[in-house]
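Visitor: I would like to look at some side chains with you. Could you show me the structure?

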Amino acid sequence: VYKRQEYLQNLIKSKNQKINALSLGSGTGDWEIKLVEDFNDIISMELIDINKDLLNVSKNYADKHNLDITTTEADINKIKLESNKYDLIVVRSSLHHFLELEHIFEQINSSLKPDGNFVVIGEVIGKNGEQIFPETEKMVQQIFSTLPEKFRYNHYTKQIDQKIPDMDFSQDSFESIRSQDIVPLLSKYFISKEQVAFDAFLSLLLDFRYGPNYNLENNLDKSLVESITYLDQYYISNSILKPVCLFGIYGKK
């Protein structure tokens, strides 16, 4: 979080003219609003989302506080963007909901200025449908089976799990519908300036289902979280397991 904020702040400060920024799949635009509030004199932000009600939240706030923010209701899968318009395009945890990635990336690449940047924040790049990669499942289920019942309590189902559920959410929704294609297509359409991939099984053990089971004020719980984090980083850095999350900064190709 700090790294992405620091990067964007430095980028904005380095420009000698007003920055045209775009956020695709912005939702309510809470993070984008904060960015504009910090740099309202030098940044113009456009928010695009398919949900009009969510956009109205940001529009009403921007109007009330005189922020340079515009909103556009549109299907990102069919988006048409003006060429060479934007200094900065941001997608925050939205790409894995889109079907027409090739079209979207073509539009983003075309609409970036020559020195513009496409920033991907907290993106899901794991197996389609948020399923667990086979090699990861074997490892994480072994770890999960050794945990005391306290840490296997599922806050969603209110039950003690014997194993971590592995479901395909793309069957009934657009959740991670093409998440496996994101990284290869980013390499095809953009020049990578910086890319950090992380989280092989960390979120499986510490997500909304099991995360609340850990009390970080308890030394044992804290040590366990630290050990899980270390293992996760080790397996990714040694190419044993695949990461499922991405932060990346890309340039026009």
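Predicted model: local features only at pLDDT ≥ 70, side-chain atom pairs only at ≥ 80, totals over all residues.

Visitor: Is arginine 178 buried or exposed?
Guide: Residues are numbered from 1 along each chain as its sequence is written, and side-chain values use heavy atoms, leaving out hydrogens and water. Buried means under 20% relative accessible area, exposed over 50%, and partly exposed in between (1.4 Å probe, protein chains only). Arginine 178 has a relative accessible area of 16%, so arginine 178 is buried.

Visitor: Which residue forms a salt bridge with arginine 178 from 76 residues away?
Guide: A salt bridge puts a side-chain nitrogen of Lys or Arg within 4 Å of a carboxyl oxygen of Asp or Glu. Here the closest N and O atoms are 2.9 Å apart.

Visitor: What is the relative accessible area of aspartate 181?
Guide: Aspartate 181 also forms a salt bridge with arginine 178, with closest N and O atoms 2.9 Å apart. Aspartate 181 is partly exposed, and its relative accessible area is 28%.

Visitor: Which strands hold aspartate 87 and lysine 113?
Guide: Their side chains meet in a salt bridge (3.3 Å, N to O), and both residues are buried. The pair ties together parts 26 residues apart in sequence, because aspartate 87 lies in strand E4 and lysine 113 in strand E5.

Note on methods:
Helix = DSSP H or I, 4+ residues; strand = E, 2+ residues; numbered from the N terminus.
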